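Hello,

Here is the structure we talked about. Please open it first, then read my notes below.

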There are 2 protein chains.
Amino acid sequence: MRVLIVEDEKRLAQALGQIMEEQRYNVDMVYDGQDGLDYGLSGQYDVIVLDVMLPKMDGFSVVKKLRENNISVPVLMLTARDEISDKVTGLDCGADDYMTKPFSPEELLARIRALSRRQGDVVLEDIHWADLTLKLSSRTLHCGAKSVSLGFKEFEVLKLLLANPKGIVSKEELIVKVWGSDSNAEDNNVEAYISFLRKKFFYLGSRAGIGTVRKVGYHLEEN
Amino acid sequence: MRVLIVEDEKRLAQALGQIMEEQRYNVDMVYDGQDGLDYGLSGQYDVIVLDVMLPKMDGFSVVKKLRENNISVPVLMLTARDEISDKVTGLDCGADDYMTKPFSPEELLARIRALSRRQGDVVLEDIHWADLTLKLSSRTLHCGAKSVSLGFKEFEVLKLLLANPKGIVSKEELIVKVWGSDSNAEDNNVEAYISFLRKKFFYLGSRAGIGTVRKVGYHLEEN
DNA sequence: GAATTTTTTCAGACTATTTTAAGACTATGG
DNA sequence: CCATAGTCTTAAAATAGTCTGAAAAAATTC
């Protein structure tokens, strides 16, 4: 996910950037409204975090111009408590959400997730493979009349396999994408989850299976 | 709440309708100005969303004729950015608010809420789910012959669950929408209320229940 | 201002998920 | 066929997330 931060207080911008990079977001930072607008117009971002008070051009104008150029990227406005106005709270300026400073990293991330989810809620469709249906909203796996609920990690592992229905997914990739690159998960963790999933496939009576390619990885297959 | 959408771009009309139906608004849609006027004259709506450019009769004329007939329903005009005129911005036409396309669902809902609030006389309809009836006017929950009254927070939590009868509502969303995004409510507050509600469902003998999806949220389910 | 209701807080119980670890199994090269 | 490294499976231990009852605090009502 690509995020643009437009904030002139460098310390704060830095902090924001760090918080988001920890979430593996791809972050760009600029420090005035003019740059914010130019970067925003590139249309390459999934979310823009925009301070209201900025040099050269204020946040409201930036959003306004973005919208005039049909850039519908979700915008999260940052504002000091004493700068709050109806223009912000009513979101009449075209922003999608606002947050008053100071705020917690959790709140920031929560709002960013909410915004990107809102945007992508069309993508939250069910995934089909062979006779299986993975319901993203309820984290359940269905096959015919039967269904099972998946744990968080099971879900993520399966989702990754489904994202490459023909290709092979390595244990390493699974570890990085499901456990995180800084985790100390071992291959056996992946093996355990593959085993759990196979057991559930079997319980569901599905004709789908997970094939092993020794020393390479796993892939979905249809029997 | 009853809403009339008058919009000739069917896709947009459809999208608007969906957004509002998710809020459990009672939505009617028509696709030209003449029908818009006819429906509007029935006087049954709490808000009318009206495009400016319409076949048969433009939006301005529709509002004008409505007002001539003493229909004082709040009207929200939709206009493309390049159709904007003082007639719109000044609201000289008799509309109560206007919004330029494109806009976010949130903005639309915010404005509609604002309009109906301004009106002050929101019609409170009951919400039904499974064997439950939530009476919005009295904040009571009914099932068969039994009923209980809900506290304000219980009520809001349940209403949010009912607003997404199929989807899952996260604790995060509940906190933001019930406690407010600037509150310091914690997950356990939500858990406590979910527990209260379950107890009341049980007392009522309802077949409805609240399911948990670990690390994701809650959703209504029917046993 | 007392009584009642609603909301928050907290701790311990409970449960699902995740990790760990050990032994069984299997493909592959020698 | 054997040795080996890689993989599978399972049980159990550890952890993290959730539930719930009770009591304190706050808000409302009478």
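**Helix α6 against helix α8 in chain A**

In chain A, the axes of helix α6 (residues 152–163) and helix α8 (residues 187–204) come within 10 Å and cross at roughly 85°. Angles of 65 to 115 degrees count as roughly perpendicular, so α6(A) is roughly perpendicular to α8(A). On the α6(A) side, the contact is made by A:Lys153, A:Glu154, A:Val157 and A:Leu158. On the α8(A) side, A:Tyr193, A:Phe196 and A:Leu197 make it. By class, this contact has 5 nonpolar and 2 charged residues, and no polar ones.

Please keep in mind that this is a predicted model.

**DNA strand C**

In chain A and in chain B, α6 and α8 each supply at least two residues of the surface near DNA strand C. In chain B, these helices are α6 (152–163) and α8 (187–204).

**Helix α2 against helix α3 in chain A**

The axes of α2 (residues 33–41) and α3 (residues 59–68) of chain A come within 9 Å and cross at roughly 20°. Angles under 35 degrees count as roughly parallel, and α2(A) and α3(A) are therefore roughly parallel to each other. The crossing of α2(A) past α3(A) is right-handed. From α2(A), the contact takes A:Gly33, A:Gly36, A:Leu37, A:Gly40 and A:Leu41. From α3(A), it takes A:Gly59, A:Ser61, A:Val62, A:Lys65 and A:Leu66. These residues divide into 4 nonpolar, 5 polar and 1 charged.

**Where the two protein chains touch**

Chain B has 14 residues in contact with 10 residues of chain A. Which helix of chain B gives the most to its side? Helix α5 (residues 105–119) does, with 3 residues. The side of chain B that touches chain A divides into 5 nonpolar, 3 polar and 6 charged residues.

**One loop residue in chain B**

B:Ser72 is in the loop between α3 (59–68) and β4 (75–80) of chain B. Is B:Ser72 buried or exposed? A residue counts as exposed with 12 or fewer neighbours. B:Ser72 has 12 C-beta neighbours inside 10 Å, so it counts as exposed. B:Ser72 is 26 residues from B:Asp46 in sequence. In space, their C-alpha atoms are 9.5 Å apart.

Best wishes

Definitions and conventions:
Residues are numbered from 1 along each chain as its sequence is written. Chains are lettered from A and ligands numbered from 1 in the order in which they are written. This is a predicted model: local features need pLDDT of at least 70, side-chain atom pairs count only at pLDDT 80 or more; totals for chains, interfaces and linings use all residues. Axes are lines fitted to C-alpha atoms, for helices over the stretch in contact, and angles run from 0 to 180 degrees between N-to-C directions. Helices (H or I, at least four residues) and strands (E, at least two) are DSSP runs, numbered from the N terminus. Angles under 35 degrees count as roughly parallel, over 145 as roughly antiparallel, 65 to 115 as roughly perpendicular and the rest as oblique. Two residues are in contact if their C-beta atoms, placed from the backbone, lie within 7 Å. Ala, Val, Leu, Ile, Met, Phe, Trp, Tyr, Cys and Pro count as nonpolar, Asp, Glu, Lys and Arg as charged, and the others, Gly among them, as polar. A crossing is left-handed if the near helix is turned anticlockwise from the far one by less than a right angle, and right-handed if clockwise. A residue is buried if 20 or more other C-beta atoms lie within 10 Å of its own, exposed if 12 or fewer, and partly exposed in between; C-beta atoms are placed from the backbone.
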